[in-house]
Amino acid sequence: MATHFKRKGKRLLGVGRQDAIRYFFGGNAMVSILVLGAICGFLLREAVLFFPQHQRDLEVFRLTGQEYANFAITEMDEYTEVKSLANQAFYQEMNEAYGIQRGLVDSFGALSGNIYDAGEDLIEELEDARDEVEDAEAEGEKTLAQAELDAIQAKWDIFLRAELEKADRKTIDSFGRLGEAEWQQLLKAMVEWDPVEDEPPALVAAAKAESDEGMATFDTARTTIAAAGSELARLRGELIKVTTAIKDEAVADKSAASRKKAYLDGSLVAETEEERVELRRKSDEITVREEFPYAERIKVLEGSREKHKTAVEAMKVDLKAGVAALPTEFSSPEVTELVSRIRDKAPVLTVYLGESLMESADWRYDEPLSWVYSVSSFFFGKDWVTNSSFHDFYGLLPLFTGSLLISVIALLVAIPFSLGAAIYVNRLAGPAEQTFIKPVIELIGAIPSVVLGFFGIIVLGEALREVSQVPWLSWVPGFPMQERLNILNAGLLLALMAVPTIFTLCEDAINNVPASFSEASLALGGSKFQTVMKVVVPTAISGILAAILLGFGRVIGETMVVLLVAGNQIAIPDFSLGAGVITQPAHTMTGIIAQEMGEVTKDTIHYRALFSVGLVLFTISLLINISARRIIRRFGFSA
Amino acid sequence: MKTTVSIALGTVLAAASCFAQDKLVFKGSDTLGAKMVPQLTEAYTAAGNKVGFEIAAEGSSAAFSNLLAGTADIGMSSRDAKDKEKDDFTAKGQELVEIVAGYDMIAVVTNKKNGVRDLTVKQIEGIFTGDITDWSEVGGAAGAISVYTRNTTSGTYKSFQGMAMDKRDYGTNTNKMAGNEQIADEVANNPNGIGYVGLAYADKDGLRSVKIEGEAAKPRNKDTYPLSRTLFYYTVGQPKGEAKKFLDWATTSDAAAKVVDTVGFIAIKK
């Protein structure tokens with residue numbers, strides 16, 4: 001007798017209640033995995049499509065001749081550093097050697113400017129009254145007008161005296177060059193000042209003449225150096241204009257077909273006859289070309305190689321002459337240092353100019369571009385410039401270094417605090433402290449990041465700058481800080497955000513060390529501190545490392561805080577300051593995505609570039625998470 | 001029980017009527033969208049018009065991308081539409097219509113403690129392109145110049161580039177801030193700072209607007225100040241319905257002109 005086994009319970013389509021529950025939870029898990037897969041796929045597609053588009057963009061950069069113009073641009077940028085130093089040295093020297101004279105000239109300018117603004121209406125009246133007196137012909141009119149004028153002149157004198165009384169030396173002479181005696185001299189001289197003629201008093205004119213005469217040699221040297229770049233600057237402007245015009249034409253060409261079609265379609269559904277004619281005309285105006293005639297357009301650049309050569313040679317000559325004509329004696333060590341920097345930089349610049357000239361002589365507009373170049377110029381490009389009138393550069397390096405520096409600072413600050421707190425709370429603290437400290441630290445994680453960013457701008461930035469300006473701290477590299485939104489500020493706030501994460505995980509890791517280990521150590525005569533530092537922590541090291549890595553992952557992906565507080569300067573920070581580089585502002589990968597996402601249109605190269613940056617971020621986080629898991633598994637211990 | 005039900009019903013109906021109202025979505029320039037347009041919409045509602053407003057000020061470029069995508073009714077921009085942006089609309093068979101909203105002057109501001117009061121356009125170009133890096137080069141005390149600019153979504157960013165920098169690119173050492181108020185804040189707190197803001201933001205404590213070649217940034221210098229610019233509203237096709245009513249009111253009525261002048265911009269003179 002066979003017994004058929006029947007399944008118990010109600011079934012709907014073969015699925016019982018237990019099965020239904022199982023499928024439901026399984027389905028939830030599946031959905032999460034599918035969504036993750038969809039996001040990854042989308043990210044990957046957009047990012048991967050970026051590179052061919054970037055390659056085409058770089059090809060256009062070359063074909064339109066813009067790459068050639070870029071030679072002139074970079075040469076001018078290098079030269080401008082030297083010119084800038086020369087100007088700085090000149091003005092500083094002038095202010096040192098002829099401080100009082102410059103003080104008189106500048107203070108007169110400021111004082112007269114303020115008085116002019118304050119008494120504008122009165123001055124207008126004065127001017128009108130004077131004109132009246134001149135224009136008056138009849139005798140009676142003349143006397144009347146003269147009386148008017150005298151009245152207004154008297155009013156002006158009273159006003160002027162009142163203003164000069166009010167004048168505050170510290171506000172007018174903001175550089176503090178004048179002593180009390182000179183200030184009084186200036187005020188006395190200004191009583192005679194006439195606002196309509198607006199001539200400086202004799203005192204001021206003499207001072208100006210003195211300073212001009214004294215600085216004459218330095219001035220000629222400086223103007224020679226400054227003029228060295230004028231020809232190249234002209235060439236640069238011309239090249240930019242010409243090549244950008246070619247590029248604009250090429251870009252308009254791309255949309256020509258769709259525009260022509262749009263106008264044609266519009267004319268077919270037009271309501272009035274004249275609309276139809278108008279749209280038809282616009283459609284006919286647009287010519288659709290198969291290929292853009294780059295070879296023809298590039299002919300405009302013919303002859304620019306010659307001009308480039310002459311411009312660079314002229315620059316070299318003027319530079320040499322200008323640097324040779326620089327005086328050798330200066331009034332202050334700062335100026336002497338600046339001038340020695342000029343003397344060091346000038347020959348380096350000359351060599352660079354020669355090399356750049358040779359490179360540009362070899363440049364060809366139709367040289368093919370490999371995809372390797374497209375990839376490497378994204379990952380190792382030093383410029384991220386978007387929305388440019390010339391050319392958009394998509395280089396990751398400035399953003400990557402910004403993100404990395406901020407994360408490293410954040411970790412360096414967060415690790416000692418969180419690890420120390422974890423060790424203390426788990427091993428060394430009493431029960432009352434344990435129940436208090438742990439939740440409080442974890443509460444820090446509840447602060448929204450945008451609130452922290454706000455705190456960083458308003459409170460922390462200002463506080464840091466005040467601290468950095470304390471005189472006995474000036475030995476610290478990077479102090480006094482110029483910017484209050486910089487890497488240090490962002491790093492400190494991110495450290496605050498990372499502490500709860502690292503603390504919780506470290507504490508768990510230390511907790512997981514079996515009691516038998518520490519008991520054995522204590523039994524062998526070790527002190528509590530020795531037990532903790534030599535037995536417990538080394539045992540828990542894998543968990544601690546994993547915690548640090550996860551903290552790093554959290555910090556590198558943080559957007560809001562860095563967007564508000566890191567200063568947003570898209571350039572590789574200046575490492576020549578050594579450790580002081582952390583007081584520089586920087587931009588981050590997360591920040592740039594948040595900042596520029598609002599303006600990009602779908603499927604443009606900028607849009608895809610931002611996704612590529614996102615892909616780099618995602619890859620970094622993924623690698624961090626995988627390595628954290630690996631470390632736990634590999635170096636974990638068994639009790 | 002009955003009172004609770006009727007109260008609940010009443011709230012739902014009131015809420016529903018709010019949603020049933022027409023809504024105008026403004027997207028674009030921070031210069032227009034931070035103070036001027038919100039105040040205009042308030043005055044418009046106070047004048048008895050029942051329209052809801054949604055204003056998102058992310059930068060002038062956002063106006064065009066949102067109008068193209070259909071997520072905005074009216075775009076606010078502190079710059080002209082670029083040719084490429086106009087082409088994008090034509091390629092979709094749509095027309096981008098430009099309406100003048102008012103005039104503005106871009107004031108170049110420095111810290112009150114800075115001794116430099118007057119700059120030429122060439123010097124401003126040098127500072128913002130990174131050619132000039134130290135205050136001593138333009139007549140001030142030695143100190144590295146901290147340059148604060150808007151970011152690439154901003155129309156002011158682009159307008160300034162065209163008007164004061166001879167279309168050259170910004171230097172890499174410039175700090176990109178999100179809005180006028182942030183620039184004003186940073187410059188007011190940094191003695192070596194320089195930045196540019198719309199006229200409405202130049203009166204902050206601690207700021208001084210430099211004279212550009214002798215011209216101060218004051219409304220009476222509208223025609224001679226080198227950095228004056230026009231502010232625009234953009235719509236897709238000629239404005240219709242509620243949008244047309246609002247735009248007509250905002251550009252022609254006296255009440256609107258008063259609001260614009262109070263905020264610090266220059267209204268269209270009729």
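This is a predicted model: local features need pLDDT of at least 70, side-chain atom pairs count only at pLDDT 80 or more; totals for chains, interfaces and linings use all residues.
Arg117 of chain B counts as partly exposed, because 19 C-beta neighbours fall inside 10 Å. The cut-off for buried is 20 or more. Arg117(B) sits in the loop that runs between β4 (96-111) and β5 (118-119) of chain B. Leaving out residues up to four places away in sequence, Arg117(B) touches Ala110(A), Gly113(A), Val210(B) and Lys211(B). Two of those names carry the letter A, so let me keep the chain contact for the next part.

Now the contact between the chains. How many residues does the contact take from chain B, and how many from chain A? It takes 40 residues from chain B and 42 residues from chain A. On the side of chain B that touches chain A, the elements giving two or more residues are α3 (60-69), α4 (83-91) and β7 (174-177) of chain B. Sorted by class, that side of chain B has 20 polar, 12 charged and 8 nonpolar residues.

Staying with chain B as a whole, there are 9 helices and 11 strands. The C-alpha atoms of chain B fill a box of roughly 75 × 50 × 35 Å along the principal axes. Chain B has 270 residues, and 50% of them count as buried. If you take contacts in chain B between residues at least 6 apart in sequence, 72% of them join residues at least 24 apart.

Val197(B) counts as buried because it has 28 C-beta neighbours inside 10 Å. Setting aside neighbours within four places in sequence, Val197(B) is in contact with Ala107(B), Val109(B), Asn180(B), Ile183(B), Ala184(B) and Ala202(B). Val197(B) and Phe160(B) are 37 residues apart in sequence, and 9.9 Å apart in space from C-alpha to C-alpha.

On to chain A. It is divided into domain 1 (2-55), domain 2 (99-208), domain 3 (229-364) and domain 4 (397-634). Between domain 1 of chain A and domain 3 of chain A, the C-alpha centres lie 55 Å apart.

Helix α10 of chain A, residues 230-254, has 25 residues. From its first C-alpha to its last it reaches 36 Å, close to the 36 Å expected at 1.5 Å a residue. Which residues of α10(A) are buried? They are Leu232(A), Leu235(A), Arg236(A), Leu239(A), Ile240(A), Val242(A), Thr243(A) and Ile246(A). As a reminder, an α-helix has 3.6 residues a turn, so residues three or four places apart point the same way. The cover over the buried residues of α10(A) includes α2 (66-97), α13 (294-297) and α14 (304-325) of chain A.

Next, a helix pair. Helix α17 (residues 397-428) of chain A and helix α20 (residues 487-511) of chain A pack at an angle of about 35°, and their axes are 6 Å apart. The crossing of α17(A) and α20(A) is right-handed. In the contact of α17(A) with α20(A), the residues divide into 26 nonpolar, 4 polar and 2 charged.

Two residues of chain A have a backbone angle to look at. Asn387(A) has a phi near 60°, which is positive in a residue other than glycine. Asn387(A) is found in the loop between β1 (384-385) and β2 (393-394) of chain A. Asp603(A) also has a positive phi, of about 70°, although it is not a glycine. Asp603(A) is found in the loop between α25 (589-596) and α26 (605-635) of chain A. Is each of them buried or exposed? Asn387(A) counts as buried, because 21 C-beta neighbours lie inside 10 Å. Asp603(A) counts as exposed, because 10 C-beta neighbours lie inside 10 Å.

Ser627(A) is found in helix α26 of chain A, and is partly exposed, with 14 other C-beta atoms within 10 Å. Ser627(A) and Leu545(A) are 82 residues apart along the chain, with their C-alpha atoms separated by 9.8 Å. Gln184(A) is found in helix α7 (residues 180-190) of chain A. With 12 C-beta neighbours inside 10 Å, Gln184(A) counts as exposed, since the cut-off for exposed is 12 or fewer. Gln184(A) and Arg169(A) are 15 residues apart in sequence and 9.6 Å apart in space, C-alpha to C-alpha.

Conventions
Residues are numbered from 1 along each chain as its sequence is written. Chains are lettered from A and ligands numbered from 1 in the order in which they are written. Two residues are in contact if their C-beta atoms, placed from the backbone, lie within 7 Å. Helices (H or I, at least four residues) and strands (E, at least two) are DSSP runs, numbered from the N terminus. Ala, Val, Leu, Ile, Met, Phe, Trp, Tyr, Cys and Pro count as nonpolar, Asp, Glu, Lys and Arg as charged, and the others, Gly among them, as polar. Domain bounds come from an automatic or database domain assignment. The expected span of a helix is 1.5 Å times one less than its number of residues. Axes are lines fitted to C-alpha atoms, for helices over the stretch in contact, and angles run from 0 to 180 degrees between N-to-C directions. A crossing is left-handed if the near helix is turned anticlockwise from the far one by less than a right angle, and right-handed if clockwise.
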